[in-house]
Amino acid sequence: MISPMAVFFQLLANGLVAAALYGISAIGFGLVIRTGKFFNLAHGAFAVIGAYTAFAFVRLGLPFGWTVLLSLTAAVISGALSYALVILPLRRRSASSLVLLIATLGVFTFVPPMLAIAFGSEYYLLHIPLFFSRVVSLAGAAVTLWQITFMLIFVLLIVGTALFLRYTAFGKAVRAVSDDEEVSKIIGINTDRVVFVVILFAAFTAGLAGLFKAGDLGLEPTMGFTLLLETLIVAVVGGMYRLGGTVMGALVLGLAESFGVWFVPNEWKEAISFGILILFLLIRPQGILSR
């Protein structure tokens with residue numbers, strides 16, 4: 001019989017793994033909200049494009065290192081195209097945040113049907129190297145090296161992004177645009193370039209999250225929808241204006257989903273997520289860490 005402590009540590013590990021997935025995706029998503037002042041719903045499309053690019057090249061027999069590089073490149077290119085063809089023209093017309101949200105929703109809804117036509121709507125598993133498939137025991141909890149790798153990547157991304165924003169000239173420009181875009185233009189900051197680079201970074205993190213999810217849980221054309229909703233919940237729960245909020249929001253959502261299935265069936269996991277979202281919108285709409 002499995003002891004309650006063993007179950008507890010396994011659920012804790014599962015929650016931390018989920019938090020790493022959500023957090024990696026939410027880092028770039030939150031930066032776009034801060035600088036561009038809109039919700040970029042195309043974020044989910046970047047994730048699924050990265051995942052399916054990796055799947056395609058793995059099937060072709062390309063070395064896995066090149067597969068990862070090309071999948072992230074495809075995600076970043078998709079981010080650049082969405083900015084050049086959709087976001088920038090609307091920003092130059094002073095489109096509202098609602099118009100940008102609807103436009104990026106259009107980008108997002110366009111991608112899954114195209115992938116379903118190209119690959120089919122079946123559920124696939126991304127075959128990762130056997131090394132990353134190895135299972136290790138941490139305090140009695142079973143986790144794969146793939147999951148450990150992405151938990152470490154999440155920590156490095158948070159620390160690296162925080163240091164970049166604080167100590168580099170471009171990072172300070174990002175913070176300035178986040179505070180006030182109009183004043184940033186007056187003092188000579190190219191705000192369009194700042195938003196463009198931030199969207200590229202967001203596409204990179206989305207592609208990374210899509211790759212992680214594909215290797216851990218599998219992939220299907222609609223996988224970006226679930227990841228986008230989870231990313232949005234993390235942004236709202238943690239607070240959209242601070243990196244620390246991203247960490248806390250990811251931990252809250254990941255651990256709540258993991259421990260929630262201890263008490264309710266796994267099919268209710270999405271209900272737990274939306275319950276947390278509604279609770280925060282009612283009680284603390286500014287998130288755990290406000291601006």
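Predicted model: local features only at pLDDT ≥ 70, side-chain atom pairs only at ≥ 80, totals over all residues.

Residues are numbered from 1 along each chain as its sequence is written, and side-chain values use heavy atoms, with hydrogens and water left out.

**Helix α1.** I looked up the helix itself: α1 covers residues 4–36, 33 residues in total. Helices here are DSSP runs of H or I with at least four residues, strands are runs of E with at least two, and both are numbered from the N terminus. From first C-alpha to last, α1 reaches 46 Å, close to the expected 48 Å; the expected span is 1.5 Å times one less than the number of residues. I also found a bend of about 30° at alanine 26, taken as the angle between axes fitted to the seven residues ending there and the seven starting there.

**Core.** Next I checked the largest nonpolar core, which has 80 residues. Such a core is a set of buried Ala, Val, Leu, Ile, Met, Phe, Trp, Tyr and Cys residues joined through side-chain atoms within 4.5 Å. Tyr52, Leu126, Val194 and Leu219 have the most contacts inside this core, and α1 gives the most to it, 13 residues. I then followed tyrosine 52: leaving out residues up to four places away in sequence, its contacts include Leu115, Phe119, Tyr124 and Leu219. Contact means heavy atoms within 4.5 Å.

**Two single residues.** Is threonine 144 buried or exposed? I put threonine 144 down as buried because its relative accessibility is 18%; buried means under 20% relative accessible area, exposed over 50%, and partly exposed in between, with a 1.4 Å probe and protein chains only. Threonine 144 lies in strand β2, residues 141–144. Leaving aside neighbours within four places in sequence, threonine 144 is in contact with Phe132, Ser133, Arg134 and Val135.

Glycine 160, in helix α6 (residues 145–167), came out partly exposed, with a relative accessible area of 35%. I also checked glycine 160 against serine 97: they are 63 residues apart along the chain, and their C-alpha atoms are separated by 29 Å.
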